[in-house]
Amino acid sequence: MPGRRPLAAALRTPTGATAAVVLAGLLFLAAFAPAIWGAEARHVDVAHLLEGSSGRHPLGTDNLGRDVLARLLVATRQSLGLAVLAVLVATLIGVPLGALPAVLGRRAGRIVNAVIDFAVAFPALLLAIFVAIVAGVGAQSAVLAIGIAGAPSAARLTQTLAASIAGSDYVAAARLAGVPRRRLLLRHVLPNIGEPLILNLTLAVGGALLAMSGLSFLGLGVQAPAYDWGRMLNEGLERVYVSPAAALGPGTAVVIAGLAFNGLGEALAQVVSTRPVHGGRRRDAGHPVDEPAPVAVGDEAPVLTVSRLSVHIPTAAGEITPVREISFTVSRGEIVGIVGESGSGKSLTAMAVGRLLAAPAYATAARLEFLGADLRAKPTRTLRRLLGTSRAVVFQDPATTLNPSLTVGRQLTEVSEVHQRMPRREARLRAVSRLRSVRIPSPERRLRQYPHQLSGGMRQRAMIAMGLMGEPQLIIADEPTSALDVTVQQQILRLLRQVNEDTGAAALLITHDIAVVAETCRRVLVMYAGRIVEELDVRTLCERPAHPYTRALIASVPDMATDRDSPLATIAGRPPQPAEIPDGCGFAARCAFATERCRAERPPLLPLAPGQSAACWHPRTEPLPALTDAVSA
Amino acid sequence: MTAVAVLPRERWWATHPRSAFLVRRAMRLAVSLAVLITLAFAMIHLIPGDPVRTALGPKAPQSLVAQRRHDLWLDRSLWDQYVHYLHGLVTGDLGTSISSNLPVSDIISARLPSTAELAGIAFLVIMLLSVPIGMVAAVLTRDGRRRGTDLGFTTVTGLLATVPEFLLGVGLVVLFGVTLRWFPVGGKGGPESYVLPVAALSLGSIAALARIVRAETLNVLGQEYVRTALSKELPARLLYLRHVLPNMLTATLTLGGLLLAGLIGGTVLVENVFAWPGLGTIVVNSVGTQDYPVAQAIVLMLGATVLVINAVVDLVLGFLDPRSTIGAS
């Protein structure tokens, strides 16, 4: 939609269209008002001096009995014309100034930049007063003043635009071809920034008009007998008690003109930066009830029960469903892994389970229970306390998931202070002990530090310690090691296992790395294109996975025994986009065993053996050819 | 040659990043001030013709003109004048008004408090109102909620931010001064006389800043550390005041500082709408009556204030942000 012609697109928006109509009206007045109402504006009527508004004179009359409305209309030409002149002055000074650094050498360019910096930061009105003093009071010097005051902005605009295309291919090519700098500027840079430059400068007329009115209003601009809106405002304000209309009229004219220019600018800006369209109706990140459905299989009183969970994201092109009706449970003390390629829906699953989906995404589920509490319900204080203390979340990149402007201590203690009503001192003691338990040295000192003073691994430890401030029953870890160094990754995984052993907290570990799953988890869910394609315990994963996708994932893990001369095993093709998931098996297009049935009919997730279910019409039964080092736990 | 000789000489202040930053910013301020002072000095010499003759009018006796020229040191060499001017600035002698023959420093010290009060109160009002308004608007309209509120907020703030202070002032005078008669239309008196000038000066800035605060808050709400805070199930008060507010403050203060500088220009206009006895009314008068020493001194003062404000804002921001890597380069 933004396309090549932003102006045309902007004129199609309501704001842009209105602004354009108003501007066209102003142009018409500027062109023809003096001819139409000129005589009336000049007509002196001593019998009706300084009258208020009446039928004959809607805005009253001035000190010579002239009609204020007629003068207002006639003044359009003067007001607009001076503003245009001021912008021309600004352009003539500013554009060469802004282009100069590109032509001059580096050092001279820097000096010009410093001058522009200085001038941009200086208030335009003071500059205008300065010019008015030097050049005398009057319309000419006011135009000059506003032009000079606007020049730094024009220079900065030119500079920004020039810099934006200085790196483009054709300029680089011209530079390589040895085109001299000045020609480069005149032939390649200026013509290409001409259109946005002219557009922006046109919009600047609005600002110049407001400034010009301000100066005329102060008596530093247009001088009698000439008049513009600002001058009329000045005269009107003197008798605002008698006839407010004489001041309101010109004021309104200035505001309307200013808004019209501004509106056009805003419409343009909006068109250029088209925002993503969200779904029309309001969506809650909560969990609208789907329909009652069969209870998911599970052991005694699972920590987490998920049944037919889907995640939906409304987009401009319609709603997509990146997670489709998945069901699983996590038992007490169990570490369950969810593995899959990026885009398989595993992270969205984790966020949906954590009630942390970012709008406009939302989830639906037949059942979603944490420690027996329904997570689809509107969160009560009790539920929030339960979640705040019994559920911990560890995110991918500790560099961005810790608040940069709060100390580590503050971020840890608030959990206990809020949910366990612990006094500050006690909470700090607990935080020290938690940091120590994740093996952070000198925890008292670390508490007082900000996240950026900690290393990446240390931050992730602090993040885990934060989860341990309560009494977690479930730790949701979304790619907790992906952003870390390989050596640190191992430490964090070991820490997670240790926490699991020490506290009995269950964990849901989301990762794309099947090796991580194999060495950390007890049970594994393999996700592909928004669905669980295989669920199996970790021993079966290493010995005889059934789904061709699972096997392909394992085959792509390199290890010490891998022949480094042969190419790295990969899975050919790409996973389907959530918007175009086929009717049949999502993996069929990339699968060597796919048949007609796979493409037509989606295989359900069915038990194959104790502790193993797969969604495949042609499950593999032979053991994996060789156990790889990386996968055997 | 030893290795030591090749090393660049360490400046004493460069050893600590923060003091280095402080010194660099202070030097930039000094250069800007020097430029401003020179320009203010040059102003009187850039005027075509004889400024004293222009000011006193063609009918003034030649002897008076000569006397004033002498008083203003205009009969000395340019260099002497410059040194004299600088000396005057240091000792607080800003010259003498041509029209009233009063010391300019007296005129300024009589009027400066009124202007400072107006700008100061307006700045406080702006900061106190725009931050909560912007944050509430952001929270209400986050993730594309409440489209109507969003549109209303954008429209109203857009309107207010566009209308210049002096027009807003005129509108306020007509509505609250003339029609409703709630507040006096001009002059400086009791607390009620502050309401309209402060409103005229601050409304536009409140709107502009509230928009920025809203955009910044929405930006912070999309950060991953807010998701972390959400995962802790904190009450809304803690989430917004502790986790969101400090992170949007830097951008807000940057713009707030710029606005404060802009208020200096705004006061000149607003004072003239409300006949406020400050520097803004006198500077416009003195330009009109060609009383150059007064205009020169006030432009210099207001300009210097702006430069100092900008420098202070930079410094405060540099020291406020715990992540700032100032001086690291």
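This is a predicted model: local features need pLDDT of at least 70, side-chain atom pairs count only at pLDDT 80 or more; totals for chains, interfaces and linings use all residues.
Reader: What makes A:Glu334 and A:Arg523 a salt bridge?

Author: The N to O distance between their side chains is 2.5 Å. The cut-off is 4 Å between a side-chain nitrogen of Lys or Arg and a carboxyl oxygen of Asp or Glu, so the pair counts as a salt bridge. The two residues are 189 apart in the chain: A:Glu334 is in the loop between strand S2 and strand S3, and A:Arg523 is in strand S10.

Reader: Why is A:Glu334 called buried?

Author: Its relative accessible area is 1%. Buried means under 20%, so A:Glu334 qualifies. A:Arg523, at 16%, is buried as well.

Reader: Which other salt bridge does A:Arg523 form?

Author: The side chain of A:Arg523 also meets that of A:Glu535, at 2.5 Å from N to O. A:Glu535 lies in strand S11, so this pair ties together parts that are 12 residues apart in sequence. A:Glu535 has a relative accessible area of 18%, which is under 20%, so A:Glu535 is buried. A network of salt bridges links A:Glu334, A:Arg522, A:Arg523 and A:Glu535.

Reader: How do you know that B:Lys232 forms a salt bridge with A:Glu414?

Author: The closest N and O atoms are 2.8 Å apart, and the limit is 4 Å. This pair crosses between chains, from the loop between helix H10 and helix H11 of chain B to helix H14 of chain A. B:Lys232 is buried at 5%, and A:Glu414 is buried at 0%.

Reader: How many salt bridges are there over all chains?

Author: The count comes to 29.

Reader: Which residues touch the most other members of the largest nonpolar core?

Author: They are A:Ile129, A:Ile133 and A:Trp229, in a core of 160 residues. Beyond its neighbours within four places in sequence, A:Trp229 is in contact with residues including A:Leu26, A:Leu72, A:Leu209, A:Pro250 and A:Val254. A second, separate core has 100 residues, among them A:Ala373, A:Leu387, A:Met463 and A:Phe587. In soluble globular proteins, nonpolar side chains tend to be buried together.

Reader: What elements does chain B have, and how many of its residues are buried?

Author: Chain B has 13 helices and zero strands. Of its 329 residues, 45% are buried. Among contacts between residues at least 6 apart in sequence, 72% join residues at least 24 apart. The accessible surface of chain B is about 15500 Å², with 67% belonging to carbon and sulfur atoms.

Notes. Residues are numbered from 1 along each chain as its sequence is written. Chains are lettered from A and ligands numbered from 1 in the order in which they are written. Side-chain values use heavy atoms; hydrogens and water are left out. Helices (H or I, at least four residues) and strands (E, at least two) are DSSP runs, numbered from the N terminus. Buried means under 20% relative accessible area, exposed over 50%, partly exposed in between (1.4 Å probe, protein chains only). A nonpolar core is a set of buried Ala, Val, Leu, Ile, Met, Phe, Trp, Tyr and Cys residues joined through side-chain atoms within 4.5 Å. Contact means heavy atoms within 4.5 Å. Accessible areas come from the Shrake-Rupley method with a 1.4 Å probe; for residues, only the protein chains shown count as cover.
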